[in-house]
Amino acid sequence: MIDKVYGGIEAGGTKFVCAIGTSPDNLVKTQFATTSPDESIRKAIHFFKDHTRLKPLTAIGIASFGPLDIDKNSPTYGYITNTPKDSWSNVDIAQKIHSQLNVPVAIDTDVNGAALGEQVWGEAQGLDTFIYLTVGTGIGGGGMINGKLMHGLLHPEMGHIRIPHDWQKDPYKGCCPYHVDCLEGLASGKAMELRWGQSPEKLPFDHPAWELEASYLALAISNFICTISPQRNIVGGGLMKNPGLMPAVRRKVELNLNRYVRSEAITKDIDRYIVAPALGDLAGIVGALELAKRINQDIC
Ligand code: ZN
């Protein structure tokens, strides 16, 4: 018998997922489109109130798009800060949920949430230093270092690293409002759509767009391997649903590293070193539940 009930919210740029439960096999969930902050948060609160009439929640975990203020000593802890997403700048998402439902709330980035889900139930089980990267409309990355979710000054912004931009091969200028041709500016779903004039789901699997995409992702992952030394790289998100993309990324990472990083994980078993999330699209929401469960533990 389960004696505690946890809530999770995966707050994404396009959809909100809310769940009550304890694991991927034991959860009740709903999802709806992300609209205004007031409406989206109100729907989430309604879901939790509706499903916890008999038993109150012990805690809620939020895995949210960002940037976020996750400094527990900051007066704006739990805020979404300077996001370019309409009307979501300076929204106190964690405090709103906390004050309406009167339960403790833990918050982290969507990618750290998904990383935690994968560490408990998926591809990062038994690992303490790994990366979780998502490649969709935007690009974000998080993970763990030595068993703790990646935080620091703020939290990593892996989507905004600079990578070489070969203007002859790719004359598209980039679309990041802050950096123009950073990783997200060149390799996000939005960048693909603007460069090729159609949404990535509509681009045939053998379109040259995917070779270029693989090159950019491989450059980024090679940089992360050299800086963080992850034991594994988990790469999810909508664009990775093209079955040819992951093998192309692996091949290009091997070429970039040129056998310099001397580990058989890379030189002999790269298919298990750069992998898709085992939990698929559930990683974020079950990670949010896990954040709630560990609210009093020092994992952050
Ligand atoms: Zn950027």
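At 26% relative accessibility, His179 counts as partly exposed, where buried means under 20% relative accessible area, exposed over 50% and partly exposed in between, with a 1.4 Å probe and protein chains only. His179 is one of the residues that coordinate the zinc ion. This is a predicted model, in which local features need pLDDT of at least 70 and side-chain atom pairs count only at pLDDT 80 or more, while totals for chains, interfaces and linings use all residues. Residues are numbered from 1 along each chain as its sequence is written, and side-chain values use heavy atoms, with hydrogens and water left out.

**Zinc site**

- His160 and His179 coordinate the zinc ion through ND1, and Cys176 and Cys182 through SG, at 2.1 to 2.4 Å; donors are N, O and S atoms within 2.8 Å of the metal (3.2 Å for Na, K and Ca), and since water is not among the atoms, sites may look incomplete.
- The site is tetrahedral, with angles of 103 to 118° among its four donor atoms, a label that requires all angles of four donors to lie between 85 and 135 degrees.
- The donor residues follow the spacing H-x15-C-x2-H-x2-C in sequence, and Cys176 is buried, with a relative accessible area of 5%.

**Sheet**

- Five strands form an open sheet in the order 3-2-1-4-5 with mixed pairing; strands (E, at least two residues) and helices (H or I, at least four) are DSSP runs numbered from the N terminus, and two strands pair if DSSP finds at least two bridges between them.
- Strand 3 (26-33) and strand 5 (105-109) stand at the edges with a single partner strand each, so one side of each has no neighbour in the sheet.
- Strand 1 (residues 6-11) runs parallel to strand 4 (residues 59-64), joined by six bridges, and Ile9 stands opposite Ile62 in strand 4.
- Strand 1 is also joined to strand 2 by six bridges, in the antiparallel sense, and a hairpin of three residues links the two.
- Strand 2 pairs antiparallel with strand 3 over eight bridges, and eight of the nine residues of strand 2 are buried.

**Domains**

- The domain assignment, which is automatic or taken from a database, gives domain 1 (6-109 + 285-293) and domain 2 (123-276).
- The centres of domain 1 and domain 2, taken over C-alpha atoms, are separated by 27 Å.
- Eight residues of domain 1 are in contact with seven residues of domain 2, contact meaning heavy atoms within 4.5 Å.

Technical notes:
Tetrahedral: all angles 85-135°; square planar, octahedral: opposite > 155°, others 65-115°.
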